Amino acid sequence: MARRSPLASVLALVALASTLASWWFRSCQQPSGFVSGFSAVPRHTRVPAVAMQSEKVDAIVASLKELTLLEASELVKAIEETFGVDASASGGGMMMMAAAAGPAEEVEEKVEKTEFDLILKEVPKDKKIACIKVVRTLLELGLKEAKERVDDPGKLMEAQPKAKVEEAMKLLMEAGAKCEIV
């Protein structure tokens, strides 16, 4: 039998703790059989499908069964902080598969940037009117909106192709503005 990595063991423990906490929460809500449509017969507990393999695991499971919801929540937080993992339910079994496959740092791909932002840094007072005209043309804004954008420098264009942003920067620099591409 292959040994698990410590991270996979921790993730399994976190998943077990969150499952136990949700089970305990549901079992504490005793709905009335008449109103909810549930049977008034007490529920039977499930017999575990997996046989325990060691006394340590048996002891851990026994102690987890005795935890209150608050204690289970504290346990999950402590495991997250201690081992630097995220116990959110969205990952589930896939997180354990990814952890067993190997660290994510080894699989680093170089991603080429395709979208750029144009940031207006500064507009000299004597070039303000020319810059307002360029901003109106580029962004198809009214006079008031273009003036507000020029008076309060910041992002003019967001997530645009490089050619479009470079052309806009060229026009703004010809009008006298200082800007940069990010």
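1. Buried means under 20% relative accessible area, exposed over 50%, and partly exposed in between (1.4 Å probe, protein chains only). The model is predicted: local features need pLDDT of at least 70 and side-chain atom pairs pLDDT 80 or more, while totals for chains, interfaces and linings use all residues. Numbering starts from 1 along each chain as its sequence is written, and side-chain values use heavy atoms, without hydrogens and water.

2. Helices (H or I, at least four residues) and strands (E, at least two) are DSSP runs numbered from the N terminus. Helix α6 spans residues 128-139. Within α6, the residues C131, I132, V134 and V135 are buried. They lie on the same side of α6 because they cover an arc of only 165 degrees around the axis, the arc being that of the directions from the helix axis to the C-beta atoms.

3. The face of α6 turned away from the buried side carries exposed I129, K133 and T137. Among the elements covering the buried residues of α6 are α7 (143-151), β2 (155-160) and α8 (162-175). After α6 comes E140, with a positive phi near 55 degrees.

4. A nonpolar core is a set of buried Ala, Val, Leu, Ile, Met, Phe, Trp, Tyr and Cys residues joined through side-chain atoms within 4.5 Å. The largest has 19 residues, of which L118 and L172 touch the most other members. At least two residues of this core come from each of β1 (116-122), α6, α7, β2 and α8; α8 gives the largest share, 5 residues.

Conventions:
Expected span 1.5 Å × (residues − 1). Contact = heavy atoms within 4.5 Å.
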